[in-house]
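I opened this entry to keep a record of what I looked up, going from charged pairs to helix packing, backbone geometry and the surface.

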Amino acid sequence: MSAVHPSQSDSSLESDPEAVSGLWDLLHDMPAWGISLMLHVGVIVGLMSVTWVIESQVVFEITSTIEPEDVKEEEYVISTEVTEDVGSSSDLNILGPSMAAAQDAGFDNHREEQDTIEEQLIDPRVQMIEPMMSPNQADLIEAIDLTGTTEHAGGTSGAIDRLTQEIADSIRQRKTMVVWVLDESLSMERRREMVSERFRSIYGQLKALDIGVEESLTTGIVGYGENVRVLVKEPTADIDVLTKAVGQIKNDESGVEMVFTAVNQALQVFLPEKRKQRANMMVILVTDERGNDYALLEQTVKRCTDKGVRVYCVGNASVFGREKGYLLTKWEADGETFEEYLPADMGPETARAEGIQLPFWTSKARGLDNMSSGYGPYTLTRLCTETGGIFFVAADSRGRKWDSGIMRKYAPDYRPLRDYERQLATNKAKAALIQAGRLELLSDEDIPIPELKFRADNDNVLRAAVTEAQKPLARLDYFLSQLTGLLELGEKDRGKLDSDRWRAAYDLAMGRSLAMRVRAYGYNAMLAEMKSSPKTFEKPGSNQWELIPAEEVAAGATVRRMHKKAIEYLTRVIDEHPDTPWAYLASVELGDPLGWDWKENKIQIAANRNMNNNNANRPQFAPEEEAAMQERRRRQQMKNASRPKL
């Protein structure tokens with residue numbers, strides 16, 4: 001039988017009127033329920049075909065393959081397995097500036113992308129089983145204090161162990177080139193040795209992870225001080241080459257640390273190799289200061305982020321609210337060894353120093369000019385923050401430490417300097433605080449600490465001692481009037497301060513400056529009265545007068561008003577910011593009352609052999625004691641002459 005083409009079948013029906021007539025007769029004779037049945041069957045068949053099309057589309061979407069996205073040559077790819085919990089995006093940490101800005105604006109690109117995928121792929125008829133939540137990896141890591149992009153990982157050794165984890169994460173993604181940038185100053189000698197000693201351990205730990213470290217990790221080394229030197233130009237995995245290069249570093253005596261120049265030089269030398277290998281690149285700074293060339297910060301941040309280079313730092317905690325800190329340093333001169341705390345550029349932890357530079361006149365204050373902020377210097381921490389790295393605290397000053405949970409509310413602002421400066425232009429209290437913080441730094445002379453004890457063998461000796469103590473007060477009063485005047489200019493904007501850090505810093509500065517001015521007024525008044533009318537001793541044998549803190553403020557109504565205002569500001573800091581550095585300093589300031597009173601003492605005074613005018617007040621000592629004193633003076637002179645620059 002030959003097949004009939006559809007077109008032929010249709011034409012045959014049209015040409016056969018009897019067939020058409022029979023079909024209509026059949027429908028005409030069919031009962032109503034039969035016609036209804038035929039219509040419902042047709043509708044069901046149609047609906048089945050529609051359902052089949054929808055399901056076929058869903059299956060097509062699920063089973064389609066997604067082509068992997070090409071990775072740009074300069075993109076830095078690194079696993080978020082660990083850094084997601086211990087980097088700047090951790091729940092335990094303060095968010096980096098870019099992430100914080102995005103969350104404040106309500107943006108979450110990852111959430112939007114996930115919602116789109118779910119709309120396309122999830123079949124609502126399929127019951128979804130809720131996945132079991134895995135523990136946060138940060139909960140599995142113990143003994144690591146995380147505050148923002150600063151980690152307290154347990155000294156230099158702990159920091160290098162954490163860096164080993166970061167390197168391992170990078171190697172799991174692709175080849176990695178690590179460039180160590182080492183500070184060559186004298187104070188860094190021991191830390192450089194520790195890094196050199198740990199090279200073999202780093203490679204050993206990475207090999208034990210079986211991630212192909214022999215083929216995937218190479219290392220370069222750069223040293224810097226006043227100048228920058230590339231010590232290992234061709235990245236290598238040879239441990240002997242690396243340790244030899246570090247061992248040949250000689251201490252730089254200039255006292256200049258060109259940190260950001262060194263990072264830029266490392267980029268210039270090693271970026272071609274990064275491109276050639278299509279490798280990740282990590283720069284690890286090892287230093288204890290913020291860098292003299294910090295004006296290059298923003299340029300360096302941009303270059304590193306553009307090239308996909310992460311920067312880490314093994315450094316020192318910044319001094320709280322100050323630019324200058326002190327490092328315990330040992331050195332030799334003429335065969336003798338000396339040790340002393342020497343000044344170094346260790347801060348501040350913020351873009352500008354947000355603390356006033358005032359000493360304490362209380363006997364309870366010790367070492368507060370070197371108190372730790374708990375954070376790294378702003379310059380280095382910002383570089384680490386914006387490039388996705390971490391600042392590791394390898395050394396912290398002794399003394400009080402602060403709870404990271406509480407200090408999270410007071411984290412420094414790591415946004416660009418231009419954004420920081422914009423804040424100062426819009427709030428007079430902020431601008432006044434920064435200007436007040438710089439006032440002492442621009443002075444050529446230190447703020448004087450008052451003399452509190454005065455010899456009183458007779459009235460003439462007492463008057464001479466009092467006159468000498470009054471000399472620095474004129475300079476001190478001028479400085480304090482400038483300081484309080486600046487802060488009072490911003491007092492109207494104090495209520496507009498937008499963070500706990502700014503409010504605590506402003507209130508502490510205002511309270512302390514007023515408190516010192518009250519003390520200075522009272523001090524001068526007490527000396528003037530003693531000079532004009534020397535007091536008489538009540539106890540036999542007394543020969544010294546001493547000024548001690550007292551509740552009564554011996555001054556006029558203006559000083560009493562300042563006293564009340566100082567107490568209000570300092571008390572507010574303690575009440576509103578407990579367990580913080582600001583509250584601690586306020587409590588130290590209030591540890592002694594702001595007034596003065598006289599106390600008589602009896603001291604031993606050596607007899608004078610010659611009573612001429614030149615040495616009438618100079619005590620005479622036995623020959624042995626005199627020789628010992630001369631030797632101490634000689635050693636001090638040698639120490640002063642040989643003191644190194646950090």
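My notes follow, topic by topic.

**Salt bridges.** I kept in mind that this is a predicted model. I searched the whole structure for salt bridges and found 30. I began with Arg 162 and Glu 151, whose side chains meet in a salt bridge with an N to O distance of 2.9 Å. This pair links distant parts of the chain, since Arg 162 sits in helix H8 and Glu 151 in strand S2 (residues 150-152), 11 residues apart. I then noted that Arg 162 also forms a salt bridge with Glu 166, where the closest N and O atoms are 3.4 Å apart. Because Arg 162 and Glu 166 are four residues apart in helix H8, about one helical turn separates them.

Glu 184 is buried at 4% relative accessibility, whereas Arg 229 is partly exposed at 37%.

**Helix packing.** I next followed helix H8 (residues 155-171) against helix H9 (residues 189-208), and found that their axes come within 10 Å and cross at roughly 40 degrees. H8 and H9 are therefore oblique to each other, and the crossing is right-handed.

**Backbone.** Which residues have a positive phi although they are not glycine? I listed Arg 278, at about 50 degrees, and Asp 579, at about 60 degrees. Arg 278 is in the loop between helix H12 (259-277) and strand S6 (280-286), and Asp 579 is in the loop between helix H21 (557-576) and helix H22 (581-589). I also noted that the peptide bond from Gly 347 to Pro 348 is cis, with omega near 5 degrees, and that Pro 348 falls in the loop between S9 and helix H14 (378-387).

**Surface.** Lastly, I recorded a nonpolar surface patch formed by Tyr 326, Leu 328 and Tyr 341, with about 280 Å² of accessible area together. Tyr 341 is in strand S9 (residues 336-345) and is partly exposed, at 42% relative accessibility.

Key
Residues are numbered from 1 along each chain as its sequence is written. This is a predicted model: local features need pLDDT of at least 70, side-chain atom pairs count only at pLDDT 80 or more; totals for chains, interfaces and linings use all residues. Side-chain values use heavy atoms; hydrogens and water are left out. Patches are made of residues with over 30% relative accessible area and no salt bridge: like charges are joined within 9 Å, nonpolar side chains (Val, Leu, Ile, Met, Phe, Trp, Tyr) within 5 Å. Accessible areas come from the Shrake-Rupley method with a 1.4 Å probe; for residues, only the protein chains shown count as cover. A salt bridge is a side-chain nitrogen of Lys or Arg within 4 Å of a carboxyl oxygen of Asp or Glu. Helices (H or I, at least four residues) and strands (E, at least two) are DSSP runs, numbered from the N terminus. Buried means under 20% relative accessible area, exposed over 50%, partly exposed in between (1.4 Å probe, protein chains only). Axes are lines fitted to C-alpha atoms, for helices over the stretch in contact, and angles run from 0 to 180 degrees between N-to-C directions. Angles under 35 degrees count as roughly parallel, over 145 as roughly antiparallel, 65 to 115 as roughly perpendicular and the rest as oblique. A crossing is left-handed if the near helix is turned anticlockwise from the far one by less than a right angle, and right-handed if clockwise.
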